Amino acid sequence: MVNEISFNCEDAWLNLFVGGEIHPVQVKTLMNPATCGTFFRDVVKVSDAAIKVRGVQWETSTNHIKYRVDIDRDGLLFRHVLQYLRNGKQTSLPDDTFTLEALICEADFFGLEKYREMLKKKLWKLTGKRQYYACYEDSD
């Protein structure tokens, strides 16, 4: 059951459950204005009283995952997305075109426009093609 989880500080940790993989992350990483995309702005709400995260909370959990946000995306690709959320412009980008294409689609999903532009520039450098059809919105 999805509900709002309340935190009283941005240093709190929660788990992003993406494609079957658990990615522990601090709330402040998701709130970082330099890297935060539209997806996480919808998930994390900040008010004077508390920080509220749309997710799942269990009172008891056999695997110690008490606070969790479920995201139906590729867990392996999300490792790259999380690296961007943590490091911004200093993020290392993969050198293979297939992964770059897939990450452009992930950047679209998470609303990470700056990351998307970084990925597209890297793809252009590797292929020499200005137009790249990684996602349906880029195609004619």
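A charge sits over a ring if NZ of Lys or CZ of Arg is within 6 Å of the ring centre and within 35 degrees of the ring normal. The charged end of Arg-73 meets this rule over the ring of Phe-109, 4.1 Å from its centre. Arg-68 places its charged end over the ring of Phe-17, 4.4 Å from the centre. The model is predicted: local features need pLDDT of at least 70, side-chain atom pairs count only at pLDDT 80 or more, and totals for chains, interfaces and linings use all residues. Residues are numbered from 1 along each chain as its sequence is written, and side-chain values use heavy atoms, with hydrogens and water left out.

Rings also pair with each other. Rings of Phe, Tyr and Trp (its six-membered ring) pair if their centres lie within 6.5 Å; planes under 30 degrees apart count as stacked, over 60 as edge-to-face and the rest as tilted. By this rule there are 7 aromatic pairs. Phe-39 and Phe-40 form an edge-to-face pair, because their planes stand at 85° with the ring centres 5.1 Å apart. Phe-39 is buried (under 20% relative accessible area; exposed is over 50%, partly exposed in between; 1.4 Å probe, protein chains only), at 18% relative accessibility. Phe-40 is buried at 1%.

Tyr-84 and Tyr-115 are stacked, because their planes lie at 20°, with ring centres 4.5 Å apart. Tyr-84 lies in helix α3 (residues 75–87) and Tyr-115 in helix α5 (residues 113–127), so the pair ties together parts 31 residues apart in sequence. Helices here are DSSP runs (H or I, at least four residues), numbered from the N terminus. Both Tyr-84 and Tyr-115 are buried.

Ring pairs also build a cluster. Its members are Phe-39, Phe-40, Phe-78, Phe-109 and Phe-110.

Notes
Helices (H or I, at least four residues) and strands (E, at least two) are DSSP runs, numbered from the N terminus.
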